[in-house]
Structures are given as C-alpha cells and as structure tokens.
Amino acid sequence: MQVGMGFWASKTLLSAVELGVFSTLANAPADLPTLQRKLALHRRSARDFLDALVALKLLERENGLYSNTVDTDLFLDRAKPSYIGGILEMANARLYGFWGSLTDALRTGELQNEGKGGGENFFAAIYADPERLRGFLSAMSGISAGAANAIAATFPWQDYKTFMDLGSAQGMVPATLASAHSHLTGIGFDLPAVQPVFEEFIARRGVKDRVRFHGGNFFEDPLPKVDVIVMGHILHDWDLTQKKMLLSKVFDALPKGGAVVVYDAVIDDDRRKNAFGLLMSLNMLIETPGGFDYTGEDCQAWMREAGFSKTWLKPLVGPDLMVIGLK
C-alpha cells in the first residue's frame, strides 16, 4: 500500500516545492492563516496540506506555527546555494505526467515525453527555449550536487592539474571541484546555448578565473585535452553504441595516465538493491529513444573495450556510484 499509493506523498511534496512552501518558511515560522494567504491556498485545503507535510516529516509544527525541518530548510529553500529543488520542479512540471504512460512505454519500448508519436525532440526543445533551458540546467545541478562534493572529496585530484566536465549543464561539478582544489583548472563542455547560464553560475561560485566554458557537441566535435574527463548523468541518456562511442572518444582525448570518471545511479551487479538506479533506467525509457542505466560491471567492461587499462568503482552518495577508468 505504501508503494502503490506513494504518488500521494510524492505529489504533495512536488506541489509544496512548486508553491514555495519551504522558501516561504525559511524566513520565519508562520501560522496557518499567514501561510494560507502567502501561498494562496484555499481554506478547505490549507490545513490538511500543511499537516500532511508535517506527517511526512517535511515540516514541523509547534504551538500552531509551521517551520521547516533541518533538511528541507537546507535543500528546498530556493535562496540557498544548497537548493536541490530544481530536479523536483522538473519532476513536477514534466515527469509526473509522463510517468502516467509507463505501461505504454513497457509495451512499446517507445519514449513517452514531448517526443511521443513523432513530437518535438526533448533536448532540442529544451535547448531552444532559454527559460526552459535554465530550469533544466538548474535541475541537473540539483541532482548532481551531492555527487559533485563526494567526487571532490574522494578522487585523487592531487595527481592531476586539469579536468573537463562533459555535458556540464549549469556547472555544478566544475564549480565544486575548483572550489575544493585550488590547483585545478577546468572546462565545462556543453552545447553553446548553455554558455550564459554556465558563466553566470561559475561567476557566482567565485571560480571564473579557473573554470571556462567550451561549446560543442560531444558526438561531433573534438574534445579539449585535459588530465581527467568527468561524465555525470550523461552516459545513461544514450544507447549502447553511443555509450561505447563516447567512452572511446574520451579515451582518445586523454593523455597516458589520464582518467575518466563516470557517475550515474549505477545499478548493483546483482540488480537487486539499487531500486533508484533501476527506476532511473525506466525513466530513460520514458525520456529517450535508446537510453538505459547500467551496472558497474557493464561500465567497466565498456571502458576496458575502449582501451582503459584499469577500472574500479567507488560509492558516492545515495544511489550514485562513480566508475573510474585509467588510461
């Protein structure tokens, strides 16, 4: 019952993010009438909605005043740099509806998003609209923030001087790595439309002197030469042939002793434990023509096939793992 009716709790959280509940309460605790007014809630729904968030342990309530929990205050207040709600905003605006067609996807193997039935290409549509693009890039920062900090802390960056984040989006990974390691200089590689958003984010994070943007298409254009190439939440977007091609291209771009760091919600080899990774693979079914998530052994085999001499896995945070290949 908890799983089957789980969409109740999911949509309650997503609507709370959309309405700005946690950002509103970050300023100060508030009572029911105040929140009803500030959030434009109907009087019939307001109390049940807010108390449901309390019961879900997303809000606290004491003496009639609602407040954020420690976690929602840190991660779901839009004004904080630790905000990860962008991915939840995208889930609310797009994925929640598309997942209603999962059964169709399971029967047809076809995507169920904007491109369903020959409609607009999702990535083309996103990158053509500056506002949609900004929201999408923010969502990618949200889902990458934890992994970026873990990669900064656990990869042996002292052995390298330069890096590139392939498919860098807003720039969460380059900004985090450069902030953590003052000797590093880095590149964010993405389609040219991303450049203004990337440069704004990098400047805000205070590392624009050591991180620059490089516009291009990683399937078509040559890759800049660096010591380490990072690919986060990228490889799962593509089919097997494209995955192998990207890893081969990365191998060719790296110097001897260089490294690739691939991170995703990597599925455990026995395919029993990482439910998030398996569900993310179903999300790729809904979102892409051929994308899928993969196990650590899958990725290591592809890396070895591309020519990497040594490969290994390292846990990051939550469901994410990184797969490292050494040339």
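How many aromatic pairs does this structure hold? The count comes to 12 aromatic pairs. Keep in mind that you're looking at a predicted model, so everything here is computed from that model.

Let's start with one of those pairs. Phe-155 and Tyr-160 have ring centres 5.6 Å apart, and their planes sit at 25 degrees. Planes under 30 degrees apart count as stacked, so that's the label this pair gets. Both Phe-155 and Tyr-160 are buried.

Now jump to another pair, Phe-219 and Trp-238. Here the centres are 4.8 Å apart and the planes make an angle of 85 degrees, which is an edge-to-face arrangement. Where do Phe-219 and Trp-238 lie? Phe-219 belongs to the loop between strand S6 (211-215) and strand S7 (228-232), while Trp-238 is in the loop between S7 and helix H12 (240-253). Because of that, the pair ties together parts that are 19 residues apart in sequence. As for Phe-219 itself, its relative accessibility is 22%, so this residue counts as partly exposed.

Rings can have charged neighbours as well. Take Lys-243, which lies over the face of Phe-292 at 3.8 Å from the ring centre. Then there's Lys-310, whose charged end sits over the ring of Trp-312, 5.1 Å from the centre of that ring.

Next, look at how two helices meet. Two packed helices are described by the angle between their axes and the distance between the axes. For helix H6 (residues 85-98) and helix H9 (residues 130-154), the angle is about 125 degrees and the axes are 6 Å apart. The two helices are therefore oblique to each other, and H6 passes H9 in a left-handed crossing. Which residues make the meeting? From H6 come Gly-86, Ile-87 and Met-90, and on the H9 side you'll find Phe-136, Ser-138, Ala-139, Met-140 and Ile-143.

Another helix worth a stop is H10 (residues 172-180). Seven of its nine residues are buried, so H10 is largely enclosed by the rest of the structure. If you'd like to find the buried ones, they are Met-172, Val-173, Pro-174, Ala-175, Thr-176, Leu-177 and Ala-178.

Ala-40 isn't a glycine, yet it has a positive phi of about 55 degrees. You'll find Ala-40 in the loop between helix H3 (32-38) and helix H4 (43-55). His-233 isn't a glycine either, and its phi is also positive, at about 55 degrees. This residue is in the loop between S7 and H12. Which of the two is buried and which is exposed? Ala-40 is exposed, with a relative accessible area of 67%, whereas His-233 is buried, with a relative accessible area of 9%.

Our last stop is Asn-274, in the loop between strand S8 (259-264) and helix H13 (275-287). Although Asn-274 is in a loop, it is buried, with a relative accessible area of 11%. What does Asn-274 touch, leaving aside residues up to four places away in sequence? Its contacts are Ala-265, Val-266, Ile-267, Asp-268 and Pro-319.

Notes:
Residues numbered from 1 in each chain as written. Predicted model: local features only at pLDDT ≥ 70, side-chain atom pairs only at ≥ 80, totals over all residues. Heavy atoms only, no water. Phe/Tyr/Trp six-rings, centres within 6.5 Å; stacked < 30°, edge-to-face > 60°. Buried < 20%, exposed > 50% of the residue type's maximum accessible area, 1.4 Å probe, protein only. Helix = DSSP H or I, 4+ residues; strand = E, 2+ residues; numbered from the N terminus. Lys NZ or Arg CZ within 6 Å of the ring centre and 35° of its normal. Axes fitted to C-alpha atoms, helices over the stretch in contact; angles between N-to-C directions. Parallel < 35°, antiparallel > 145°, perpendicular 65-115°, else oblique. Left-handed = near helix turned anticlockwise from the far one by under 90°. Contact = heavy atoms within 4.5 Å.
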